[in-house]
Each structure stands twice: as C-alpha cells, then as structure tokens.
Amino acid sequence: MARKVNPIQDRARRAALEKAAYLAIYERGYAGVTLADIAAHAGVSRGTLVYHFGSRAGLLAAVMRRFSRTIAVATRRAVRLSDTPEGKLRAYVDNQFYGLVNTRRFYTVSLDFLAAATRDADLMTMQRAFLAESLAVDLELARLVGSAGAEGRARLLRAIVEGLSVRFLADPDPDLAVYRADCMTGLRAVLGWPPDDAP
C-alpha cells in the first residue's frame with residue numbers, strides 16, 4: 001500500500017530542498033553543482049531529490065522559479081504597501097539590495113543562471129519569465145510619472161539595478177548604503193525627479 005502524502009508537508013519539504021539547492025548553487029556554481037552536492041547540503045539522499053524533482057535539471061529549474069518569483073513578489077508587495085511615490089521607490093530599491101549576504105547570493109546565482117541560459121533554450125524561457133515578472137514591478141514605478149514612455153523608463157530602471165548588481169558582486173568590500181543611494185539617484189533621474197539632496 002502506498003503511503004499517503006500530506007500536501008502541506010510535501011510543499012514544505014520541497015521548499016526546504018529548493019533552499020538547500022539554492023545555497024549549493026551559490027557555493028558550487030550552476031554548471032558545477034551536482035545532485036550529490038545538493039543532497040549533502042540538504043542532509044538527504046540523492047534519491048529524495050529525484051523523488052521530488054525527477055532530475056538535476058528539474059530541481060535547478062524549480063530553484064530558479066522559486067527564488068526569482070520570491071524576489072518579484074516581495075518587491076511588488078513592498079511597493080504596493082508604500083503610500084507615496086518616494087516610499088514606493090525606496091521600497092523597490094531596498095528589495096533590490098536587501099542585505100549584504102542575501103544580495104550577494106541572489107545576484108551571484110542569478111548571473112550564473114543567466115550565463116547558463118544563454119546556451120540552453122529551456123533555461124532562457126525561464127529567464128524571460130523572470131524578466132516579465134520584474135517588468136511588471138518596473139512598470140509600476142515607471143508609471144509614477146505617467147504612462148507615456150513607461151516601457152522605456154521601466155527598461156532603464158531595470159538596467160540601473162542590473163548594472164549596480166554586477167558592480168556589487170565585483171566590489172571586494174561593498175557598502176550596501178552606497179549601492180542603495182546610487183540606485184536611488186539613478187532611478188530618480190530616470191523618473192525625472194530631482195536628486196534626494198536637492199532643495
């Protein structure tokens with residue numbers, strides 16, 4: 001008789017395995033991480049990973065979907081909970097640079113994933129889905145100054161974040177406050193707002 005699976009426990013188990021895989025990808029790199037590495041990180045057997053995800057590719061795809069969506073949803077929620085345009089912009093920036101360790105992990109894994117996606121059509125499909133989710137939030141900010149030209153402004157907002165994320169990863173001693181301030185300055189300029197310190 002097959003054992004009964006509790007869907008809530010199963011989702012929690014999958015989430016824990018995906019988090020362990022995310023950390024293993026961060027440490028080993030997307031191309032180099034193996035099921036054995038991930039199993040060791042999670043404290044489970046390789047068979048457990050195969051049972052839940054089918055394969056290494058299935059697990060890594062689930063990881064990228066989960067963590068990309070998590071960032072997009074958290075950012076969207078923070079922006080929508082803010083009452084003022086300035087507050088929305090600050091919430092957006094805070095969610096792009098949200099702690100030294102978390103920021104370094106997320107952008108390292110994201111860039112590693114993007115590099116792999118340039119040679120894999122299925123991964124690129126996932127990358128494009130993430131960009132579409134990001135664009136929805138970027139458009140909300142871009143529309144703070146009107147709908148005309150919003151898509152172009154949204155692309156520029158994203159380009160500033162992505163450019164700063166690469167610099168952040170290359171910086172041997174990044175100061176989160178500096179990256180947040182630089183991001184705010186760039187985003188304000190795209191929106192046509194004066195700098196923070198303007199009278």
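Q: What share of the contacts with a separation of 6 or more comes from residues 24 or more positions apart?
A: In this predicted model, residues 24 or more positions apart account for 63% of the contacts in the protein with a separation of 6 or more.

Q: How many helices and strands does the protein have?
A: The protein has 9 helices and 0 strands. Read from the N terminus, its elements run α-α-α-α-α-α-α-α-α. The C-alpha trace spans about 70 × 35 × 30 Å along its principal axes, and 40% of the 199 residues count as buried.

Q: Into which domains is the protein divided, and what separates their centres?
A: Domain 1 covers residues 1-54 and domain 2 covers residues 60-191. Taken over C-alpha atoms, the two centres are separated by 27 Å. At the contact between them, 13 residues of domain 1 meet 14 residues of domain 2.

Q: Where does the record place a "DNA-binding region", and how much of that span is helix?
A: An unreviewed UniProt entry places this feature at residues 34-53. In the model the span is 80% helix and 0% strand, and its end C-alpha atoms lie 14 Å apart.

Q: Why is the pair of Phe 97 and Phe 168 called tilted?
A: A search of the whole structure finds 8 aromatic pairs. In the pair of Phe 97 and Phe 168, the ring centres are 6.2 Å apart and the planes stand at 55°. Rings pair if their centres lie within 6.5 Å, and planes under 30 degrees apart count as stacked, over 60 as edge-to-face and the rest as tilted. The pair is therefore tilted.

Q: What makes this pair a tie between parts apart in sequence?
A: Phe 97 lies in the loop between α5 (85-96) and α6 (100-117), whereas Phe 168 belongs to helix α8 (residues 150-170), so the pair ties together parts that are 71 residues apart in sequence.

Q: How do you know whether Phe 97 and Phe 168 are buried or exposed?
A: Buried means under 20% relative accessible area. Phe 97 has a relative accessible area of 0% and is therefore buried. Phe 168 also has 0%, so Phe 168 is buried.

Q: Why is the pair of Phe 106 and Tyr 107 called edge-to-face?
A: The angle between the planes is 70°, with 5.5 Å from centre to centre. Planes over 60 degrees apart count as edge-to-face, and the pair is classed as edge-to-face. Phe 106 is buried at a relative accessible area of 6%, and Tyr 107 is buried at 7%. Ring pairs link Phe 97, Phe 106, Tyr 107, Phe 130, Phe 168 and Tyr 179 into a cluster.

Q: What makes Ser 82 count as buried or exposed?
A: Ser 82 has a relative accessibility of 15%. The cut-off for buried is under 20%, so Ser 82 counts as buried. Ser 82 is placed in the loop between α4 and α5. Not counting residues up to four places away in sequence, Ser 82 touches Gly 87, Lys 88 and Ala 91.

Q: Which residues of α5 are buried, and what covers them?
A: The buried residues in α5 are Lys 88, Leu 89, Ala 91, Tyr 92, Val 93, Asn 95 and Gln 96. Their cover includes α4 (56-81), α6, α7 (121-142), α8 and α9 (176-191).

Q: How far does α5 reach, and what span is expected?
A: With 12 residues, α5 reaches 17 Å from its first C-alpha to its last, close to the 16 Å expected at 1.5 Å a residue.

Definitions and conventions: Residues are numbered from 1 along each chain as its sequence is written. This is a predicted model: local features need pLDDT of at least 70, side-chain atom pairs count only at pLDDT 80 or more; totals for chains, interfaces and linings use all residues. Side-chain values use heavy atoms; hydrogens and water are left out. UniProt positions are given in the numbering used here, feature names are shortened, and annotations may be inferred rather than shown by experiment. Helices (H or I, at least four residues) and strands (E, at least two) are DSSP runs, numbered from the N terminus. Rings of Phe, Tyr and Trp (its six-membered ring) pair if their centres lie within 6.5 Å; planes under 30 degrees apart count as stacked, over 60 as edge-to-face and the rest as tilted. Buried means under 20% relative accessible area, exposed over 50%, partly exposed in between (1.4 Å probe, protein chains only). The expected span of a helix is 1.5 Å times one less than its number of residues. Contact means heavy atoms within 4.5 Å. Domain bounds come from an automatic or database domain assignment.
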